[in-house]
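Me: I would like to learn how to read strand pairing in a model, taking one feature at a time. Could you take me through it with the sequence and structure in view?

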Amino acid sequence: MNKKTFTVFTISLWFSFCIFAQEKFTLSGTIRDSQSNETLIGVNVIVPEIQSGTMTNEYGFYSITLPEGTYKVQISYLGFSTVSETIVLNADMVKNFKLQEAAESLDEVIIEENVEKLNIKKPQMSVNALSIQTIKNMPVVLGEVDVIKSITLLPGVTNAGEGASGFNVRGGAADQNLILLDEATIFNSSHLFGFFSVFNPDAIKDIKLYKGGIPAKYGGRVSSVLDIYQKEGNSSQFHMNGGIGLISSRLLAEGPIKKEKGSFLFGGRSSYAHLFLPLFDIDNVAYFYDLNTKLSYRLNERNSIFLSGYFGRDVFNIQDSFENTYGNTVVNFRWNHLFSDKLFSNLSLIYSDYYYGLDLNFVGFEWESYIRNFNVKYDLKHYISNNFKLEYGLNSIYYKFNPGEINPNTEDSGINPFKLIDKYAFENAVYVDAEHTISNRLSVSYGARFSTFHRLGQDELNTYENNNPVIFNEALGIYEKAEPTGTENFSRSDVIESFANIEPRLAIAYQLNDNSSIKASYNRMSQYLHLLSNTSSPTPLDVWTPSGKYIEPQLLDQVALGYFRTFKDNIFSLEVETFYKTIQNRIDYIDGADLIANNAIEQVILNGEARAYGLEVLLRKNEGRLKGWLAYTLSRSEQRTPGRTPIETGINNGEWYKTPFDKTHDISITASYNLNKKWSLNSNFLFQTGLPATFPNGQYEFNGIVVPSYEARNSSRLPAYHRLDLSVNYNPKPDSQKRFKGEWVFGIYNVYNRRNAANITFRENRMSGTNEAVRLAIFGIVPSVSYNFKF
């Protein structure tokens, strides 16, 4: 070691010693929007002198510990003006900040939200965030802003096509997604059988989709977590905003309960296209409505309470002989408490309900089913140091499942009341998650979740020989229902079956330089609830069932590896990820399975396995007049159900076959261009491999009846799906100082009128007597116009 090197080493060592020898204090507080007083999520709090910083959590709270001294603290949040303030830190300090929205110019259009910015330092990967403004700019069918449809433009996310409910993440099924609205579970995310989502965009504050490397505080599903938070409401002044479209309208009101301390938010949407159907002599009715509400109140600097709710219903009526009603109801009470400037807590009491009702007047009965849960969550975040943060908590959920109940709706219907057996369950979890910055280049997130599930007593449960509700008919080579050997009866406090799983989580980020990093993650997750559906996308009639004596929980293991890079001061960003995941105990159905009104569903279910792997690319332009992204996914999603013994053939002869939602290629291009202050252009282009399908490959005659024979399961595909959407936003008075402001949105969905196949059916042509294939397409070209306003 030469003298110069020794001197530099000595100075560095002395400086480090001084830093650690100094007494340390904590700077903490809450960061809000100066106009609405709404807390801001993901705000950067930077201390340039020591190259340290932190971000606000889901409730706008931050905490950072520094040695005693004087610092210039920078508060930055894209879309808002940066605040720099000199802080003399000689004791623990609470410092709240309010940020003002930055004015836009034509040369440099401000990014609407910081949440979309790529963070190459944090170990969290496989997560996508979209701002509400970005979602509102996307062209959509009939001009209805749709949160669910917007996330399908991200890599690794698809759905089962137009008019399909739910979404699929990395080759997973729609029921494998945990959808949370203010921490409450949403069991059906769609209106009108999948044409629109249940989320009112005006009421939404923050959206994050976790596809992998999922934090330990989340559990209960094996594919993804869609975490959505509602706005708290404006505690400074009263505001209203809404929109009028071709088939629906929405209105939201927010304002202070007590200025700067409490706020309210009420929002509603309803469709009204059915009101015009009688003009065309159509007696059918189809409409939806939903209500969002939230009350927020800050008791003092350390305590805040929130009460939020959602209620939605869909109604479908055919000539007064058939009426279908379904929807979600959620209520959540939350209490934020700050134990200290380093320990933040949140207690949530949650009720969630999904109801399905069917009124069949032409046969004289009504049917209803539901799933309800009561959820208690307690989460804590501990800012132990700038380099080490700890999150831990617990979660308990009680479930009641009503699979179905039939009652006569008239005195002379002739229908006898019948009820499927109710099911009950209790799910618990504790978790701990640490985020550890080991060095300037290396950071790690690690933790675990311990979950348990107890299937509770029910009135009656079938027993079978060798505990096997499905038997294999060797002579015919098919699976059949086993005959019950008897029944068991339980009290509600009995435990029929219990499961316990340890779910480790790990994510690592290594920063290659100031602009790029590589990340890797592993997570195991358990899913104890199963959606019984033999369609490619969920329907309102599908029923949820819990794991138990004959149905095993699904277990996921997923690994992911990625490269992340920003260009030109984060104007551009690139994310490349590859993933591989396996799922144990993925349920499959025997041929001819009857899933509706089945009191012994275990007789038609077999446990199989699934796997998915692929490559995802997301190239994004974040700033300027032109913004948008290119997303590409190359993937494969498969499942198989091998025979349980050497004699059994399994499903599809025990071979791997494509899942109903497998798409090899998925390309989407999303762009937004600001022409000037009045006009902006938006576009989407999608290309996707067609969905798997099973087609007949021949036919034979049996007793005078023509019977088709089919190829191997899902061995063919529908034609490729592609379309182009365009929209134009027009703001007639962008510089108006009046409180009332309006904006027109003109859109064209499927510009070149592509007739994408929703399915293909086969029939005999009555004229020629030959067989023919018929393609069903839902949408062609669809123009739209809507008017949005606020005051």
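Me: How many bridges join strand β2 to strand β5, and do they run parallel or antiparallel?

Reply: Strands of a sheet pair through backbone hydrogen bonds, either parallel or antiparallel. This is a predicted model, in which local features need pLDDT of at least 70, side-chain atom pairs count only at pLDDT 80 or more, and totals for chains, interfaces and linings use all residues. Residues are numbered from 1 along each chain as its sequence is written, and side-chain values use heavy atoms, without hydrogens and water. Here β2 (residues 44–47) and β5 (residues 69–76) run antiparallel, joined by three bridges, with V45 opposite I75; strands are DSSP E runs of at least two residues, numbered from the N terminus, and two of them pair if DSSP finds at least two bridges between them.

Me: Which residue is the bridge partner of I75 in β6?

Reply: That partner is V83, and β5 pairs with β6 (residues 83–89) in the antiparallel sense over seven bridges.

Me: In what order do the five strands of the open sheet lie?

Reply: The order is β9-β16-β17-β12-β13, with mixed pairing. Because β9 (127–129) and β13 (184–185) stand at the edges, each with a single partner strand, one side of each is left without a neighbour in the sheet. Three bridges join β9 to the antiparallel β16 (residues 204–210), where N128 has L209 as its bridge partner.

Me: Is D206 buried or exposed?

Reply: D206, found in strand β16, counts as buried at 5% relative accessibility, buried meaning under 20% relative accessible area with a 1.4 Å probe and protein chains only.

Definitions and conventions:
Helix = DSSP H or I, 4+ residues; strand = E, 2+ residues; numbered from the N terminus. Buried < 20%, exposed > 50% of the residue type's maximum accessible area, 1.4 Å probe, protein only.
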